Amino acid sequence: MMSQKELQKYAEQDYKLVDPEYIKQLEQDSEKLIRFKKYSILAVFIAAVVIAVTFPLLRVLLTNLLN
């Protein structure tokens with residue numbers, strides 16, 4: 001059989017796993033990560049569009065300057 005101290009230790013560990021404040025904090029963190037992921041995908045898309053538009057313009061400018 002376990003001693004009283006061991007039982008208390010396991011009870012505290014189990015409480016930490018189901019602590020409502022802990023669960024609420026995890027939910028908030030996951031919402032922040034989802035929001036960050038959404039905006040980072042949008043930022044990558046915008047950067048790709050900007051690069052795709054400016055690259056041909058730069059090429060035309062350089063060829064005009066060199067001629």
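This is a short tour of the structure you have open, one selection at a time. Keep in mind that the model is predicted.

**Stop 1: the whole chain**

Start with everything shown as a cartoon. You will find 2 helices and 0 strands. How much of the chain is made up of buried residues? Of its 67 residues, 0% are buried.

**Stop 2: helix α2**

Next, select residues 20-66, which form helix α2. The remaining stops visit residues placed in this helix or grouped with one of them.

**Stop 3: the salt bridge**

Show the side chains of E21 and K24. The structure holds 1 salt bridge, and these two side chains form a salt bridge, with 3.9 Å from N to O. In general, side chains of opposite charge can pair when their charged atoms come close. Where do K24 and E21 sit relative to each other? Both are in helix α2, 3 residues apart, which is about one turn of the helix.

Color the pair by accessibility next. E21 counts as exposed because its relative accessibility is 52%, and the cut-off for exposed is over 50%. K24 has a relative accessible area of 42%, so K24 is partly exposed.

**Stop 4**

V50 lies in helix α2. Is V50 exposed or only partly exposed? Its relative accessibility is 44%, so V50 counts as partly exposed.

Technical notes:
Residues are numbered from 1 along each chain as its sequence is written. This is a predicted model: local features need pLDDT of at least 70, side-chain atom pairs count only at pLDDT 80 or more; totals for chains, interfaces and linings use all residues. Side-chain values use heavy atoms; hydrogens and water are left out. Helices (H or I, at least four residues) and strands (E, at least two) are DSSP runs, numbered from the N terminus. Buried means under 20% relative accessible area, exposed over 50%, partly exposed in between (1.4 Å probe, protein chains only). A salt bridge is a side-chain nitrogen of Lys or Arg within 4 Å of a carboxyl oxygen of Asp or Glu.
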